[in-house]
Amino acid sequence: MKCYNHHDRDAFGVCKACGKGLCLECIEKQDGIVVCKDSPKCINFVKCLSILPFLSFCLLLIILFMLIVD
Ligand SMILES: [Zn+2]
Ligand SMILES: [Zn+2]
């Protein structure tokens with residue numbers, strides 16, 4: 001696979017948000033996850049992904065609390 005932005009370069013990683021191949025120069029890492037450096041959309045997508053486990057944990061706590069109160 002070649003880099004999406006540089007067709008003469010080999011892709012070093014694949015964006016987790018949009019699936020494009022990226023060379024070292026185009027890669028941005030968010031918590032160890034590869035995303036497009038120049039795409040705020042992709043960076044935001046991965047940021048949302050990283051808070052998702054936290055949100056589901058909060059939801060679980062709320063459900064447990066409701067069960068106890070009931
Ligand atoms: Zn590139
Ligand atoms: Zn991307």
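I read the elements of the protein chain from the N terminus, and they run β-β-β-β-α. I note that this is a predicted model. My tally for the chain is one helix and four strands.

I looked up the overall dimensions next. The radius of gyration of the protein chain is 18 Å, while the globule rule gives 11 Å for 70 residues, so the chain is more spread out than a compact globule. I found that its C-alpha atoms fill a box of roughly 65 × 20 × 15 Å along the principal axes.

I then checked burial and contacts. Buried residues account for 11% of the 70 residues in the protein chain. Of the contacts between residues at least 6 apart in sequence, 9% join residues at least 24 apart.

I turned to the helix. H1 covers residues 40-69. Its 30 residues reach 42 Å from the first C-alpha to the last, close to the 44 Å expected at 1.5 Å a residue. I located a kink of about 35° at Leu52, shortly before the proline Pro53. I counted one buried residue among the 30 of H1, so the helix lies largely in the open.

Is Leu67 buried or exposed? I found 8 other C-beta atoms within 10 Å of Leu67, and a residue with 12 or fewer counts as exposed, so Leu67 is exposed.

Last, I took the distance from Leu67 to Cys23. The two are 44 residues apart in sequence, and their C-alpha atoms are 50 Å apart in space.

How values were computed. Residues are numbered from 1 along each chain as its sequence is written. Chains are lettered from A and ligands numbered from 1 in the order in which they are written. This is a predicted model: local features need pLDDT of at least 70, side-chain atom pairs count only at pLDDT 80 or more; totals for chains, interfaces and linings use all residues. Helices (H or I, at least four residues) and strands (E, at least two) are DSSP runs, numbered from the N terminus. A residue is buried if 20 or more other C-beta atoms lie within 10 Å of its own, exposed if 12 or fewer, and partly exposed in between; C-beta atoms are placed from the backbone. The expected span of a helix is 1.5 Å times one less than its number of residues. The bend at a residue is the angle between axes fitted to the seven residues ending there and the seven starting there. The radius of gyration is taken over C-alpha atoms; the globule rule is 2.2 Å times the number of residues to the power 0.38. Two residues are in contact if their C-beta atoms, placed from the backbone, lie within 7 Å.
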